[in-house]
Amino acid sequence: MNAKVLTITSGKGGVGKTTTAANLAIALTSLGQKVVCIDTDIGLRNLDVVLGLENRIVYDLVDVVEGRCRLTQAMIRDRRFENLHLIPAAQTRDKTALAPDDMVRLCNELRPMADWIVIDSPAGIERGFRNALAPSDEVLVVTNPEVSSLRDADRIIGLVEAEEKGPVKLIINRINPAMVKRGDMLSAPDVVELLSIPLIGIVPEDEAVLVSTNHGHPVVLNEKSKAGTAFLNIGRRLMGEEVPWMSLNGNDGLFKRLGQLFNGGS
Amino acid sequence: MDIKGIKEGILISFDDLEWRYAKALLLEKISEKQDFFQGGKLVLSVGNAVLGTKALKELSETLSSHGITLHGVLGQSSVTQNAAQKMGLITKLEKPVIKPEMNLKPLDTVIEGESAVFVRKTLRSGYKVVYHGHVVVFGDVNPGAEIVATGSVIVWGRLRGTVHAGAEGDQSAVVCALDLSPTQLRIASKIATTPEDHAVPQPEIASIADGHIIAVPWQH
C-alpha cells in the first residue's frame, strides 16, 4: 500500500471542512479502502467529535511528533469500520507544536499502512494550513456558494499553486437548489467560473448533516440523505470512477449543464 | 607589434620600431607560432623604415624558408615603396569599395517597444503584481488580487480585482480587459469602481477623458 494524501482545506472557517473530511473518510472506507484521518487543527480539534471517537482518545498528533508514543498508539480505530483510523489533534497545545516537516515525516511513515490519508486542515492560511498542505498529494478545497467563502477559497488555491502542490479540486458545499433557482445564491457554474479549478463534488444543504454530526454518525451513513449521497459520489470520483452529477430537487437543468461543462471542458 | 587578419592575408604593423629590431621580433614570432604563419601571406607595415631591394629579397627568402609568402610592404619611404613594387609586392591595401550613397531614408519599421511584464496565469486573491512599466496578464484577475503598473494594464481574461495603471501619474495609461469589472480601477490619481448594473461582459478599454475615468467597449 502506498497511501495518497488528501488535504481538505478552505481558508474560511465553518464551510464544512471537518464534515467533508469525516464523510469522505467513511465514503472511501465503505468503498473498501483503508483510510487514516489526521486532524491538524491543534487546539480546536473537531474531527474526533464528528466521527464519534472523542471518548477513545489517549494519545494525539503532538504526542506522536514529540515522541511520547508510537504512531500506531495514536491511531484510533473506528469500531464501525475496521479500515478507518483517526489520529486526533491535541486539544491543549497550539499549532506551533507542529511543523510542516513533522507532517511530511508522519505521512511517510503512514503511507505503507493505508490507501488514503485524509488530512483535515484548520481554517486560515498560517502555520496550521501549511502543516496540512506539506505532505499533500491532492488538495480538496471546500467552499460555500457565498462571496466571502469564495474569496478565501481563491486565496487558498493561489497559495497551493504557489507551493506547487495539487492537483486542487473543488467541493461546493451547502448549495441550496431552490435559492439558486430564485437567483438568490451563486450557482455551481458561477463558482467554477471564478475559481477555475475542476469540480469534484456538489453537496446540497441538508438538515441531516447537522443531525448526524451531533450524533457523531456522519451523514454519508444515511442512505436517504442527498448530502450523504453527494459525499459518497465524491469518494467514488476520488477512486477514479465517473459518477454522473446527481439531480437535486428536480433541478435537472442546472446539473445537466454542469455535467456538460465538465465532460466537455476540463 | 600588431598582428591582424586582413583580406590580403596577415597584416603585421611595426609602427616606428627600428627595422632590425622589427625584423628580429618578426622572425621570433614566426618561429614561435610556426603553425599559425605556415602558408600565410604577409603584408608588413614598416612605417618609416628604409628598405632596399636587397633587404626585401633577403626577407622574402627568409620568410619563404618558413613557408610564408611576402605579399606586400607598406611604408612611407619612397625607397621602400619602389623596391617593393620592383619585386611585385603590393604597397597599398585595397580599400573597400564604397557604394554610392542611397538617397532613400530607411523605413522606420523596427520599434524598440516599452518595458512590460507578461503574467501567464490567473491572479487569485492575495496575489499582487507591481511593475515599473506595463503589465499584461494572460488569465483572470480575481477579486482580491492587485495590479500596480506605472504604465498600462492589459488583461486577456476577466479583470475583477483591483488595478492601478499610471501609478506614478501617467494620465495617458489605459486599462483594458475582455471583461472589465474591477473591484476598483485607478488611473494616475483618478479612482473608479464598476457600476452595479454592469452589462454583459464585453471587451472594454478604460482611460482618462475630461478628468474622469471612462470605459468604452472595444470596437471591432
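**View 1. Helices α1(B) and α3(B) are roughly parallel to each other, because their axes cross at roughly 10 degrees and angles under 35 degrees count as roughly parallel.** In this predicted model, helix α1 covers residues 19-32 of chain B and helix α3 covers residues 53-65 of chain B, and the two axes come within 11 Å. On the side of α1(B), the residues that take part in the contact are Trp19(B), Lys23(B), Leu26(B), Leu27(B) and Ile30(B), and they meet Glu58(B), Leu59(B), Thr62(B) and Leu63(B) in α3(B). Sorted by class, this contact has six nonpolar residues, one polar residue and two charged residues.

**View 2. Four strands of chain B form an open sheet with mixed pairing.** The order of the strands across the sheet is β1-β2-β3-β4, and the edge strands, each of which pairs on one side only, are β1 (2-6) and β4 (69-75) of chain B. When direction is ignored, neighbouring strands of this sheet are turned by 25 degrees against each other on average. As background for a reader new to sheets, strands pair through backbone hydrogen bonds, either parallel or antiparallel.

**View 3. Strands β3(B) and β4(B) run parallel and are joined by six bridges.** Strand β3 spans residues 41-47 of chain B, and Ser45(B) stands opposite Leu74(B), a residue of β4(B). Helix α3(B), already seen in the opening view, lies across β3 and β4 of chain B and runs at about 140 degrees to β4(B).

**View 4. Strand β2 of chain A, made up of residues 35-39, is mostly covered, with five of its five residues buried.** In a regular strand the side chains alternate between the two faces of the sheet.

**View 5. Strand β2(A) is joined by bridges to β4(A) and to β5(A).** Four bridges link β2(A) to strand β4, residues 84-87 of chain A, and these two strands run parallel; within β4(A), His85(A) is the bridge partner of Val36(A). Five bridges link β2(A) to strand β5, residues 116-120 of chain A, and this pair also runs parallel, with Cys37(A) standing opposite Val118(A) in β5(A).

Key
Residues are numbered from 1 along each chain as its sequence is written. Chains are lettered from A and ligands numbered from 1 in the order in which they are written. This is a predicted model: local features need pLDDT of at least 70, side-chain atom pairs count only at pLDDT 80 or more; totals for chains, interfaces and linings use all residues. Side-chain values use heavy atoms; hydrogens and water are left out. Axes are lines fitted to C-alpha atoms, for helices over the stretch in contact, and angles run from 0 to 180 degrees between N-to-C directions. Angles under 35 degrees count as roughly parallel, over 145 as roughly antiparallel, 65 to 115 as roughly perpendicular and the rest as oblique. Contact means heavy atoms within 4.5 Å. Ala, Val, Leu, Ile, Met, Phe, Trp, Tyr, Cys and Pro count as nonpolar, Asp, Glu, Lys and Arg as charged, and the others, Gly among them, as polar. Two strands pair if DSSP finds at least two bridges between them. Buried means under 20% relative accessible area, exposed over 50%, partly exposed in between (1.4 Å probe, protein chains only).
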